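Biologist: Could you walk me through reading a few backbone and packing features? I'd like the general idea, then the case at hand.

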Amino acid sequence: MEESAVRMGLNYASVASGNMGVHHFGDELCDRELVYAIFLDRGTTTALDIKQDLRAFQRKLENPFAHVEHISDTGRNFFNTVRVHNGFHDYLYADERKDRQKRCEDSMKEVNQSTVINSEEKVDRRAQFRQTCREAIAEIDNLEIEFGKEIKSKCDLIMCQAIELLEKNPGYQLYIAGHSMGGALATLFGAEAATNESPHIPKPVTCISFSSPKVGNIAFKQVYEKLERDGLIRKVRVLNGLDPVPKIPSA
């Protein structure tokens, strides 16, 4: 991780603190190999991550890939609905404005309930959190202007960043990787990128997950395999047979 941070021109502390998105870094063979890396997540490290991990009940969704011509058939590999891990889905697709607002509200609530912070400091901290919240919302508004698209979720934001980079660098491929919870998010985002109709996302997209927990039910798995057979995505799932994480949650 530290070596990757150096190559991206970041200090390790900024990466470890979660200041991660799409970053550019040099490569000795940049005319032939990957130049941009997308870090969706660093795995389960915070209380919020653990909370999302534990929301393991499956959410029923209309098949999100049914609009893709390659898999919109009535054969055995087509499903009207799929089920995915609710926590992972919300982490990637939840309303980003509401999510940022809630984080600020939760922080203010903790300050209000604190018995070790004096009243004057509580006022100052609440003012800081309100300002942080306004800046966080304004950042999304500015990004929408920059990309010319509505940004509702983390998935939307990352996709806009990825498409912009690929448009500026024709000929490059999209690789998505993640570990543990990040591997689950990479799996979801990989399917999203594979079915995105932007001409700037070359197919197949490559998704590599390390020690990822299970993401969806058998219908989700078979739709994903259909994407692979149709040449839209290449999926590599790396795991250790003794590691319990890839075996959970039970389907």
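Modeller: Let's start with burial: buried means under 20% relative accessible area, exposed over 50%, and partly exposed in between, using a 1.4 Å probe and protein chains only. At 10% relative accessibility, serine 211 counts as buried. This is a predicted model, where local features need pLDDT of at least 70, side-chain atom pairs count only at pLDDT 80 or more, and totals for chains, interfaces and linings use all residues. Residues are numbered from 1 along each chain as its sequence is written, and side-chain values use heavy atoms, leaving out hydrogens and water.

Biologist: What is phi of serine 211 near?

Modeller: Near 50°, a positive value in a residue other than glycine. Serine 211 sits in the loop between β6 and α9 (218–229); helices (H or I, at least four residues) and strands (E, at least two) are DSSP runs, numbered from the N terminus.

Biologist: And serine 180, buried or exposed?

Modeller: Buried, with a relative accessible area of 14%. Its phi is near 60°, again positive in a non-glycine residue, and serine 180 lies in the loop between β5 (175–179) and α8.

Biologist: Which peptide bond is cis?

Modeller: The one from lysine 203 to proline 204, with omega near 5°. Proline 204 belongs to the loop between α8 (181–194) and β6 (205–210).

Biologist: How do I read helix packing?

Modeller: Two packed helices are described by the angle between their axes and the distance between the axes. Axes are lines fitted to C-alpha atoms, for helices over the stretch in contact, and angles run from 0 to 180 degrees between N-to-C directions. Here α5 (residues 96–113) and α6 (residues 119–147) pack at about 175°, axes 9 Å apart.
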